[in-house]
Amino acid sequence: MADIPPTFRLSVPHDFGVDVVVDGGDVVVTVRGELDVLTAPFLWGRMEPVLAGVSGQLVFDFAGLTFIDSMGLGVVVRAQSRMRGEEPGRQVVVRHANAHARKVFEITGLDRVLDVQP
């Protein structure tokens with residue numbers, strides 16, 4: 001995702017938003033709108049700089065998420081991979097996933113790798 005030249009990137013949709021809050025060793029990433037091929041690079045760009053500082057949980061708060069596709073899942077998996085490569089005890093948590101998002105995590109088997117909470 002980071003390999004896409006800036007000239008090829010579109011602007012972030014007005015109904016998409018990402019907030020990143022660092023809370024001690026935890027980071028909470030709140031996503032609003034559709035997480036898809038267009039918005040996934042924006043999410044990665046906002047959260048990637050803080051990943052090295054996570055010593056506890058990286059929490060994705062999907063309460064405002066309306067849709068997620070394979071590119072959106074790719075960002076979550078990429079973050080999980082980055083977290084696994086660092087110090088032990090760090091984990092990725094997905095909170096407030098709606099029925100659509102939970103189904104996507106179940107179909108892909110990611111619900112068995114990540115802590116997916118209702």
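Partly exposed means a relative accessible area between the buried limit of under 20% and the exposed limit of over 50%. Arg 82, at 30%, is therefore partly exposed. The close-ups below all come from a predicted model.

**View 1. Glu 48 and Arg 82 form a salt bridge.**
The closest N and O atoms of this pair are 2.9 Å apart. Glu 48 lies in the loop between α1 (40-47) and β3 (57-68). Arg 82 belongs to helix α2 (residues 70-84). The partners are 34 residues apart in sequence, so the pair ties together separate parts of the chain. Glu 48 counts as partly exposed, with a relative accessibility of 29%. Arg 82 is partly exposed as well, at 30%.

**View 2. Arg 32 meets Asp 19 in a salt bridge.**
The structure holds two salt bridges, and the side chains of Arg 32 and Asp 19 form one of them, at 2.8 Å from N to O. Arg 32 sits in strand β2 (residues 26-35), and Asp 19 sits in strand β1 (residues 17-23), so the pair ties together parts that are 13 residues apart in sequence. How accessible is Arg 32? Its relative accessible area is 36%, which makes Arg 32 partly exposed. Asp 19 is partly exposed too, at 37%. Side chains of opposite charge can pair when their charged atoms come close.

**View 3. Phe 60 and Phe 62 form an aromatic pair.**
A search of the whole structure finds one aromatic pair. The rings of Phe 60 and Phe 62 make up this pair, with 5.8 Å from centre to centre. Their planes stand at 45° to each other, and the pair is tilted. Are these residues buried or exposed? Both Phe 60 and Phe 62 are buried.

**View 4. Arg 78 places its charged end over the ring of Trp 44.**
The distance from the charged end of Arg 78 to the ring centre of Trp 44 is 4.2 Å.

**View 5. Asp 69 is buried and has no salt bridge.**
Asp 69 is found in the loop between β3 and α2. Which side chain of opposite charge is nearest to Asp 69? That side chain is Arg 78, and it is 13 Å away. The side chain of Asp 69 does reach the backbone nitrogen of Val 37, at 3.2 Å. Leaving aside residues up to four places away in sequence, Asp 69 touches Leu 35, Asp 36 and Val 37.

Notes
Residues numbered from 1 in each chain as written. Predicted model: local features only at pLDDT ≥ 70, side-chain atom pairs only at ≥ 80, totals over all residues. Heavy atoms only, no water. Salt bridge = Lys/Arg side-chain N within 4 Å of Asp/Glu carboxyl O. Helix = DSSP H or I, 4+ residues; strand = E, 2+ residues; numbered from the N terminus. Buried < 20%, exposed > 50% of the residue type's maximum accessible area, 1.4 Å probe, protein only. Phe/Tyr/Trp six-rings, centres within 6.5 Å; stacked < 30°, edge-to-face > 60°. Lys NZ or Arg CZ within 6 Å of the ring centre and 35° of its normal. Lys, Arg positive; Asp, Glu negative; His and termini not counted. Polar contact = N/O pair within 3.5 Å; in protein donor to acceptor, adjacent residues only side chain to side chain. Contact = heavy atoms within 4.5 Å.
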